[in-house]
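Please look at the chains before reading on.

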Amino acid sequence: MGRLTWQVATVAAITEETPSASTLVLDVAGWSSHLAGQHVDVRLTAPDGYSAQRSYSIASAPTAGSVEITVQRVPDGEVSGYLAGIARPGDQIEIRGPIGGYFVWPPPHGDGGAPVLLVAGGSGIVPLMAMVRARADRTPFRLIYSVRGPGDAIYAPELSRRVRDDRGLDVAYAYTRAAPDGWHGTIGRLDAGRLAADGWPADFRPNVYVCGPTGFVEKVADLLVAAGHEADRIRTERFGPTGGKA
Amino acid sequence: MPVISRGFTGRTRRDVELPPGQYLTEDFPVLSAGPTPRIDRDRWEFAVITDAGKRHQWTWSQLLALPSEQVTVDLHCVTKWSKLGTQWRGVALDTLLEDVESAADYAYVHAYGGYTTNLPLADLLDGQAWVAYEYDDEPLDAEHGGPARLLVPHLYLWKSAKWVRSIELTHDDQPGFWETAGYHNYGDPWQEQRYWGD
């Protein structure tokens, strides 16, 4: 496998997904496609030569020539604040990738037809959305998406449309702080009951992908293991610090 | 020449020298490919298996009975964060390998939960690596690799296998978990050896 070189990416379009998250469509001349779940490294360089790198999950289904990332602005984020605030169509950044050969669907070692459970916390939806978008067959997918409130849900209109139009896709929201009008479910953190009701039974041996903040992923992965899911069928991607003592 | 991104200024420049492409964090992020294994210290054991097939084994209490060292080291994760001046207590691999006879050149590291990683045996020796069981004077949390993790701070942090279980000494280099999934076989942060071909 060859070297992953830095490539110039031109911002082709920017869509605001929520007040703090934006999707950037990047045109990359040499982009040779990717796998759903992979990420890219982004490098920004200032006029004085200072540069900063961060990794972002790819949001788009595999395609050649372009790639989409969705960036959640984080407090004091020098790169996220630029990408989801200052960048405009026509601006140029550098990316290299795609990166990562494990947190991908279909899974790297076969069994791509097994049912899939996706569990997202906040902006952890991004690589899971690439999987939803990449799903062209009938592999049954269930997505459980935990957000603070309805205004924080990224891709909500597209997910509603796909639930209506794509066969075999179910989406369940978990609201931790505030629910939309007319919501009859509970408000609070994902628990074993919600995972059992909206996920797959462990007997179905689903491929499970969990992505979100560290505390969320730790909790969900522990609950899934306790519910009988095999640890090596649970792929995780965590971001941010531990909840307790740093 | 890198492309200049219009309107990007970046944060205030810092005085500390970091490996290329890294940024400083005060947090302690967690990167793991799957659920966190929970290992009972009563059942924990650590083994070194030589190229001749000889097994050297330590229980938890045997590990704690070995001379330990307090070390302060900088951590560099391939996901770009660096954390400086972290404090650990553990047993140096020099100590664990003292009575181990081997002609091996490589080490293949196994962890509870199935994770693996590989590195040259020389990188585990001469005060460069520990089996660490305390972080900041506290028992190491499971999220960060407790009961005990390998600590090899001069390489990217994925080489410092959490939940370390055994080290196989081998004549041939065998790529581990991330090393087969696109990440660099050696992983020197100062050479920015992140991915295959770097």
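## Backbone and loop positions

D76(A) is exposed, having 8 other C-beta atoms within 10 Å. The burial classes count other C-beta atoms, placed from the backbone, within 10 Å of a residue's own: 20 or more is buried, 12 or fewer is exposed, and in between is partly exposed. This is a predicted model, in which local features need pLDDT of at least 70 and side-chain atom pairs count only at pLDDT 80 or more, while totals for chains, interfaces and linings use all residues. Residues are numbered from 1 along each chain as its sequence is written, and chains are lettered from A and ligands numbered from 1 in the order in which they are written.

D76(A) is not a glycine, yet its phi is positive, at about 65 degrees. The residue sits in the loop between β5 (66-72) and α1 of chain A. Helices (H or I, at least four residues) and strands (E, at least two) are DSSP runs, numbered from the N terminus.

In chain B, D136(B) also is not a glycine and has a positive phi, of about 55 degrees. The loop between β8 and β9 (138-139) of chain B holds D136(B), and with 12 C-beta neighbours inside 10 Å this residue counts as exposed.

Another loop position in chain B is A52(B), between β2 (45-49) and β3 (55-59). A52(B) is exposed, with 10 other C-beta atoms within 10 Å. Its C-alpha atom is separated by 8.9 Å from that of T170(B), which is 118 residues apart from A52(B) along the chain.

Chain A has a cis peptide bond between G97(A) and P98(A), with omega about 0 degrees; P98(A) belongs to strand β6 of chain A. The peptide bond from W105(A) to P106(A) is cis as well, with omega near 0 degrees. P106(A) lies in the loop between β6 and β7 (116-121) of chain A.

## Chain A as a whole

Five helices and eleven strands make up the secondary structure of chain A. The radius of gyration of chain A is 18 Å, close to the 18 Å that the globule rule gives for 246 residues, so chain A is as compact as a globular protein of that length. This radius is taken over C-alpha atoms, and the rule is 2.2 Å times the number of residues to the power 0.38. Taken along the principal axes, the C-alpha atoms of chain A fill a box of roughly 55 × 40 × 40 Å.

Of the 246 residues in chain A, 46% are buried. Among the contacts in chain A with a separation of 6 or more, 72% are between residues 24 or more positions apart. A contact here means that the C-beta atoms of two residues, placed from the backbone, lie within 7 Å.

## The nonpolar core

The largest nonpolar core has 110 residues, and those with the most contacts inside it are L118(A), L128(A) and V131(B). Such a core is a set of buried Ala, Val, Leu, Ile, Met, Phe, Trp, Tyr and Cys residues joined through C-beta atoms within 7 Å. Helix α2 (residues 125-134) of chain A gives the most to this core, with seven residues. Domain 1 (7-99) and domain 2 (116-239) of chain A both contribute residues, so the core lies between them. The domain bounds come from an automatic or database domain assignment.

Leaving out residues up to four places away in sequence, L128(A) touches L118(A), A120(A), L143(A), Y209(A) and C211(A).

## Strand pairing in chain B

Two strands pair if DSSP finds at least two bridges between them.

| Strands of chain B | Direction | Bridges |
|---|---|---|
| β1 (residues 23-24) and β5 (residues 81-92) | parallel | two |
| β4 (residues 69-76) and β5 | antiparallel | seven |
| β5 and β8 (residues 130-135) | antiparallel | five |

Along β5(B), S82(B) stands opposite L24(B), and T86(B) stands opposite V73(B). R89(B) stands opposite E134(B) in β8(B). The hairpin of β4(B) and β5(B) has four residues between the strands, and K80(B) takes a positive phi near 105 degrees there.

## Where the chains meet

The contact takes 42 residues from chain A and 35 residues from chain B. Elements of chain A that each supply at least two residues of the side touching chain B include β3 (39-45), β4 (51-57), α1 (80-86) and α5 (214-226). By class, this side of chain A has 19 nonpolar, twelve polar and eleven charged residues. Ala, Val, Leu, Ile, Met, Phe, Trp, Tyr, Cys and Pro count as nonpolar, Asp, Glu, Lys and Arg as charged, and the others, Gly among them, as polar.
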